[in-house]
Amino acid sequence: KIHGAKSISKSATIMNRELSSYFEEPEFKEILNKYKGMVESHTPTYFEADELADLADYFIHIGDEEESDKVIDYSLKLHPNNIDALIFKIRSLCYKKEKEKAYQLLDLIDDSTDREVMFLKAELLIDEGRLKDADQIYQTLAENEDESLDVLCDIAACYMDTNNKQYALKWLLYLKDKGYKWEDNQKYRDLLCDFHITLGNPHDAEEIFKFTLDKHPYSIKHWNGLTRCYLLQNDTLHAHEAVDFSLAIDEHDQEAIELKVYCYTKEENYSMAIDMLKKLLPVEDINRERIYALLAQCHTLSNNNEEALKYYKLWLLNGKLTDYEKAELYALIAMCYCNMDKPQEGMPYIDMTLDIDSLNYGAIIQKATIHMQMEENDIAEQLIQRALSICPDDEKEELLLAIANSHFFLSRYQDVLKWCKIAMEEYPSCKGKASVLIGYSYHEMSNEIMALAYILEALNQYKDQIEQDPKTKEMLDALILDMKEKNKNFNLEDYL
């Protein structure tokens, strides 16, 4: 029985069962109520180690990592030598970058041959970039378990979770070489689906999901997976159909509702997306900060910045956030104020972002934008130069385009041309994105001849590059549509 995140990565929580369904079972509800009663009454209560591990998993599942840590700390008081609890605590410390404490706890585990201890040691080595040493541990582990399908899948999954695709592929090929067939095992099928989606092959995953759903037609997890495949292929029609099966099985399934929301946002139907999310707010035991975040994003996309602010602030008040997450959230709040033409109210929030991370050059550019909005151009220029001076060379291309975009936001089109041309001279690889931005700037300046020239340059020379960047493609599509609306006789096909 494996508890907690299977890897050090926060997002990579792998369980041997569908947690959401287990947490609805009466047996677990009784354990949860018993724990809540203990917390409310401040009366110590005995729990089995497995019960506390389930509770820790539950709080991770609903996004309350702080309470999950409290559960594990309590478990270690009752069961100080429990390996599952120690492993859970070590992984939590690793996520918080408290490696020294993690290794101190690891030294307390006597059984170095325990399966999960070996997985943990390998993950720590992967986190340090020592992939060959980690793989040696996995080789030993596979031999210890007679190269069973279960252990080989778990090893490949660990490499997937840590974004080491080459090693994941190595173990997937080994599974195939050993004669295992995905048609015969659900765990193997799920692993292959994850792999295909990660590698950008959603069509291959789609076929496996359909095979699984023929066998298990009431599996919400797999209907949701199939929905993701369709969304990755921009097939919103079939995505709606697939996620509707999930919602027919459980109308309150949070993942299914979020996928339905994403279907609506892909169609720019933000009002339906917002209505779907609001249905979740009264539901108990949901990841509420996640809902606040999605509501804020939907309102931002629909240009309702006042409502977006409301939900960003609720997220800030109710979320148990790391400093990094707070910095990101402060920047989003500042952006809303800028969109509402209230830069003075946004300034304190971007300052709070920079108080947490003074070298965040993206936030420095955002602060420069606020100063430009307030007509404090000299200060803005100083901030831009500071951002450029601290930005790593391999990220400077994106920074230069961000500077150009900040001027576009403020309708400073001559400055957009200036920064795009600097970006193209230093980084020819950005010419596709820059061409679209320049074309749109000329269009806004009513220079349709130059706008058309850059549209044609973008389509004829950089079409593949633009297709791979959703934001640039969206901007190009909006530009072409706007030109058609302003000139009913305009037909781009005549110029291609």
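This is a predicted model: local features need pLDDT of at least 70, side-chain atom pairs count only at pLDDT 80 or more; totals for chains, interfaces and linings use all residues.
Me: Hi! Can we start with Asn-305? Where is Asn-305 found?
Reply: Happy to. Asn-305 is in helix α18, which covers residues 305–318.

Me: Is Asn-305 buried or exposed?
Reply: Asn-305 is buried, because its relative accessible area is 10%, and the cut-off for buried is under 20%.

Me: What does the side chain of Asn-305 make a polar contact with?
Reply: The partner is the side chain of Asn-339, at 3.2 Å.

Me: And which residues is Asn-305 in contact with, leaving aside neighbours within four places in sequence?
Reply: Asn-339 turns up again there, along with His-299, Cys-336 and Met-340.

Me: What is the lining of the second largest pocket like by class?
Reply: The lining has 9 charged residues, 6 nonpolar ones and 4 polar ones.

Me: Nice. Now cysteines: how many disulfides does the count come to?
Reply: The count is 0 disulfides.

Me: What about Cys-391, how far away is the nearest cysteine sulfur?
Reply: For Cys-391 the nearest one belongs to Cys-430, 13 Å away, and Cys-391 is in no disulfide.

Me: Are those two, Cys-94 and Cys-391, buried or exposed?
Reply: Cys-94 is buried, with a relative accessible area of 2%. Cys-391 is buried too, at 5%.

Me: Let's look at a loop. Where is Asp-250 found?
Reply: Asp-250 sits in the loop that links α14 (236–249) and α15 (254–266). With a relative accessible area of 31%, Asp-250 is partly exposed.

Me: What does the side chain of Asp-250 reach?
Reply: It reaches the backbone nitrogen of His-252, at 3.0 Å.

Me: And how far is Asp-250 from Asn-224, going by C-alpha atoms?
Reply: Those C-alpha atoms are separated by 12 Å, while the two residues are 26 apart along the chain.

Me: One more thing, backbone angles. What is phi of Asn-163 near?
Reply: Phi of Asn-163 is near 60°, which is a positive value in a residue other than glycine. You can find Asn-163 in the loop between α9 (149–161) and α10 (165–177).

Me: What about phi of Ser-411?
Reply: Phi is near 60° for Ser-411, again a positive value in a residue other than glycine. The loop that holds Ser-411 lies between α23 (396–409) and α24 (413–426).

Me: How do Asn-163 and Ser-411 count for accessibility?
Reply: Asn-163 counts as exposed because its relative accessibility is 52%, and the cut-off for exposed is over 50%. Ser-411 is at 43%, so Ser-411 counts as partly exposed.

Notes. Residues are numbered from 1 along each chain as its sequence is written. Side-chain values use heavy atoms; hydrogens and water are left out. Helices (H or I, at least four residues) and strands (E, at least two) are DSSP runs, numbered from the N terminus. Buried means under 20% relative accessible area, exposed over 50%, partly exposed in between (1.4 Å probe, protein chains only). A polar contact is a pair of N or O atoms within 3.5 Å; within protein, one must be able to donate a hydrogen and the other to accept it, and residues adjacent in sequence count only if both atoms are side-chain atoms. Contact means heavy atoms within 4.5 Å. Ala, Val, Leu, Ile, Met, Phe, Trp, Tyr, Cys and Pro count as nonpolar, Asp, Glu, Lys and Arg as charged, and the others, Gly among them, as polar. A disulfide is a pair of cysteine sulfur atoms within 2.5 Å.
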